[in-house]
Amino acid sequence: MFPLLANLMTVFRILLIFVLLPLMSFDEYDWKFILIFQIIFIAAALTDYLDGYIARKYKQQTVFGKFFDPIADKLLVIIALFYLCQFRFLTIPKNFFIEKRFFLPILMVIIIREFLVSGVRMLAAENEVVVEASFLGKAKTLFTFLAIFFLFFGLYLNTEGIPPSIKEIFRHINKIGDVFLLLATFLTIISGIDYFCKNFQLIVKNFSPNELDPKK
């Protein structure tokens, strides 16, 4: 097995994120652009599973992977949620289980949690402490990706060229995505609290200015 494959897949996922950015400005009524975005997102999400599996199975864990793999995941999720958010405000309310006014706050909860957890990870790295991903954190990631996958089908409700019967199926799938998003948000909050509780001593230890490196 190529020794750098896991890291290369992480880099590939980051590059795919930059491919997604211009698609966010394309015509929201053209289903082809939505499908391209969806396919790229799924491909990027699959690399998230594969790079972790390869790193563990073939012992390719690296410092680069420990830092950039979660960063790539966060960027992918944030971009996808913003993409979904802009469509949410263009579609009629009956298509969704979650009201439009609640979607953006949910998005912000997820983003704020990721930034706070990243701060603790940086603190742990400064103290040479390895912070392993928890079960709650992994469950949060799984439900978030599932939510985004199902919510993509709601984007086609704005488009032309899709039969009404198919759109009705997509409408129900989209509502399933809303339920998964609520579960993901709940796990986001719970896993964030769990994360801070487990690292509370580390935070307290570095809260005092006496812990600063005198050389800095």
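Biologist: Which residues is Met24 in contact with, leaving aside its neighbours within four places in sequence?
Modeller: Met24 is in contact with Phe37, Ile79, Phe82, Tyr83 and Gln86, where contact means heavy atoms within 4.5 Å. This is a predicted model, in which local features need pLDDT of at least 70 and side-chain atom pairs count only at pLDDT 80 or more, while totals for chains, interfaces and linings use all residues. Residues are numbered from 1 along each chain as its sequence is written, and side-chain values use heavy atoms, with hydrogens and water left out.

Biologist: Where is Met24 placed?
Modeller: Met24 is in the loop between helix H1 (5–23) and H2. Helices here are DSSP runs of H or I with at least four residues, strands are runs of E with at least two, and both are numbered from the N terminus.

Biologist: How do the axes of H2 and H3 cross?
Modeller: The axes of H2 (residues 31–57) and H3 (residues 63–88) come within 11 Å and cross at roughly 155°. Axes are lines fitted to C-alpha atoms, for helices over the stretch in contact, and angles run from 0 to 180 degrees between N-to-C directions. H2 and H3 are therefore roughly antiparallel; angles over 145 degrees count as such, under 35 as roughly parallel, 65 to 115 as roughly perpendicular and the rest as oblique.

Biologist: Which residues make that contact?
Modeller: H2 contributes Phe33, Ile34, Phe37, Phe41, Ala44, Ala45, Asp48 and Asp51, and H3 contributes Asp69, Asp73, Leu76, Ile79, Ala80, Tyr83 and Phe87. By class, the contact of H2 with H3 has eleven nonpolar, no polar and four charged residues. Ala, Val, Leu, Ile, Met, Phe, Trp, Tyr, Cys and Pro count as nonpolar, Asp, Glu, Lys and Arg as charged, and the others, Gly among them, as polar.

Biologist: What about the axes of H1 and H3?
Modeller: Those axes come within 10 Å and cross at roughly 20°, and H1 and H3 are therefore roughly parallel. Residues of H1 including Asn7, Arg13 and Leu20 meet residues of H3 including Phe68, Asp73 and Tyr83. By class, this contact of H1 with H3 has 13 nonpolar, three polar and three charged residues.

Biologist: Changing topic, how is the chain divided into domains?
Modeller: Domain 1 covers 1–79 and domain 2 covers 92–206, with bounds from an automatic or database domain assignment. Their C-alpha centres lie 17 Å apart, and 18 residues of domain 1 are in contact with 19 residues of domain 2.
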